[in-house]
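The points are numbered and may be read beside the sequence and the model.

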Amino acid sequence: MSEVISRIESARKEAESALTSITDLDELKEAKSKHLGDRSELSRISQSMGSIAAAERAAVGKALSAARTELATRYEKAGRELLALRDSRVIEEERVDVTLAASRFPQGGVHPLTLLDREIGEIFTRLGYSIVEGPELEAAWLNFDALNIPADHPARTMQDTFFIEPLESNLVLRTHTSPTQIRTMLSQEPPIYVICPGRTFRSDELDATHTPVFSQVEGLVVDEGITMADLKGTLDHFAKSIFGAEVITRLRPSFFPFTEPSAEVDIFFNDRWIEWGGCGMVNPKVLTNCGIDTSRFSGFAFGMGLERTLMVRHQITDIRDIVEGDLRFTRRFGLGGR
Ligand code: PHE
């Protein structure tokens, strides 16, 4: 065998044996360039063909191309195998077991007050009522005067009301959502069927049963021929929707400047009578203040505290639990992750 042919032979063997120790595509690429690339022994030999004796040239050329063809096939095959190996490894490594239990991230919860607010909204929208909201910073006239609460009424004194400076602004933090009802009567004609939910403010110290910031929902109906029976029926439905079908309501005579007659609404719940809210027939003075014809229209109104409603329904004894927003409290009411 000529010396060149044996060089080709040993280059081929070296290139073949290199394949046996290759474990990944990078190594394959390196080996390929080393044994088959421009600077490989085989390339050097083909570049020097000119200096090979003419008699030998054909045999060398043949041996060279045989070696290259065979090596190309082997390297290609190795490449395919390594690629398949890599793919199956990736599939294995990146496999997702969809049957595994999901990890639970703690999520925020909808506050019980918000949920109750939505619940009440649904009860009344199903009856055809609209939900109306008004500003928390309110004109004293709407919060008091229009509601027949005169300037010397105790509810206007500093003990109850947060007045806004300068006092001449005549602005207060609303002490109830009734001013929203006045706004409604001033801006639309009867028939009126609305509830007015929202935050309200009174200068009470925070303790187990008081909070200076609380929430109310008030209802107002003004239409032809509205009587106290309509009020009682509506409150019955409201109470049963919130506290359960067994609950009983009772009206107890009371006084509010904006209703006449007025009553407290009590519910019989968990074996005892509990005061739930205030109500009454809208005082004709209030209707007149709002430009409503009292010879044609009458109305009823009611108002409840949302915190109190929650406390009664869920036997919560400290209102601060509702106010402070501790998630441990919020979650107890099944409100996670919505
Ligand atoms: N506005 C009253 C309050 O805040 C509640 C109420 C509303 C009473 C409507 C009677 C009628 O206390």
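Which strands does helix 5 lie across, and at about what angle does helix 5 run to strand 4? The points below take up this question and then turn to other parts of the model, which is a predicted one.

1. Helix 5, residues 112-126, lies across strand 1, strand 4 (192-201), strand 5 (213-224) and strand 9. Its direction makes an angle of about 170° with strand 4.

2. The strands in question belong to an open sheet of seven strands with mixed pairing, ordered 1-4-5-9-8-7-6. At its edges are strand 1 (130-131) and strand 6 (248-256), each of which pairs on one side only. As a general point, strands of a sheet pair through backbone hydrogen bonds, in either a parallel or an antiparallel sense.

3. Ile195 is a residue of strand 4. Is Ile195 buried or exposed? Because its relative accessibility is 1%, Ile195 counts as buried, the cut-off being under 20%. Leaving aside residues up to four places away in sequence, Ile195 touches Ile120, Gly121, Phe124, Tyr129, Ser130, Ile131, Val132, Val217, Glu218 and Gly219.

4. Strand 7 (residues 259-269) pairs with strand 8 in the antiparallel sense, over nine bridges. Within this pairing, Phe268 stands opposite Trp273 of strand 8. The hairpin of the two strands has two residues between them, and Asn270 there takes a positive phi near 50°.

5. Strand 8, residues 272-282, is also joined to strand 9, residues 297-305, by five bridges, and these two strands run antiparallel. Cys279 has Phe302 of strand 9 as its bridge partner, while Gly280 stands opposite Ala301 of strand 9. Strand 8 is mostly covered, with eight of its eleven residues buried.

6. Where does Asn283 lie? Asn283 is found in the loop between strand 8 and helix 9 (284-289). With a relative accessible area of 11%, Asn283 is buried. Its side chain reaches the backbone nitrogen of Lys285 at 2.9 Å. Not counting residues up to four places away in sequence, Asn283 touches Asn148, Pro257, Phe258, Thr259 and Glu260.

7. Which residues of helix 10 are buried? In this helix, residues 306-314, they are Leu306, Glu307, Thr309, Leu310, Met311 and Val312. Gln315 follows helix 10 and has a positive phi, near 50°.

8. The ligand is surrounded by 13 residues, of which the closest are His176, Ser178, Arg202, Gln216 and Glu218. A nitrogen atom of the ligand is 3.0 Å from an N or O atom in the side chain of His176. For Glu218, an N or O atom of the side chain is 2.8 Å from a nitrogen atom of the ligand. Arg202 places a polar side-chain atom 3.0 Å from an oxygen atom of the ligand. Taken alone, the ligand exposes 320 Å², and the protein buries 91% of that area. Glu218 also figures in point 3, among the residues that Ile195 touches.

How values were computed:
Residues numbered from 1 in each chain as written. Predicted model: local features only at pLDDT ≥ 70, side-chain atom pairs only at ≥ 80, totals over all residues. Heavy atoms only, no water. Pairing = 2+ DSSP bridges. Helix = DSSP H or I, 4+ residues; strand = E, 2+ residues; numbered from the N terminus. Contact = heavy atoms within 4.5 Å. Axes fitted to C-alpha atoms, helices over the stretch in contact; angles between N-to-C directions. Near = heavy atom within 4 Å. Polar contact = N/O pair within 3.5 Å; in protein donor to acceptor, adjacent residues only side chain to side chain. Areas by Shrake-Rupley, 256 points an atom, 1.4 Å probe, with all protein chains shown as cover. Buried < 20%, exposed > 50% of the residue type's maximum accessible area, 1.4 Å probe, protein only.
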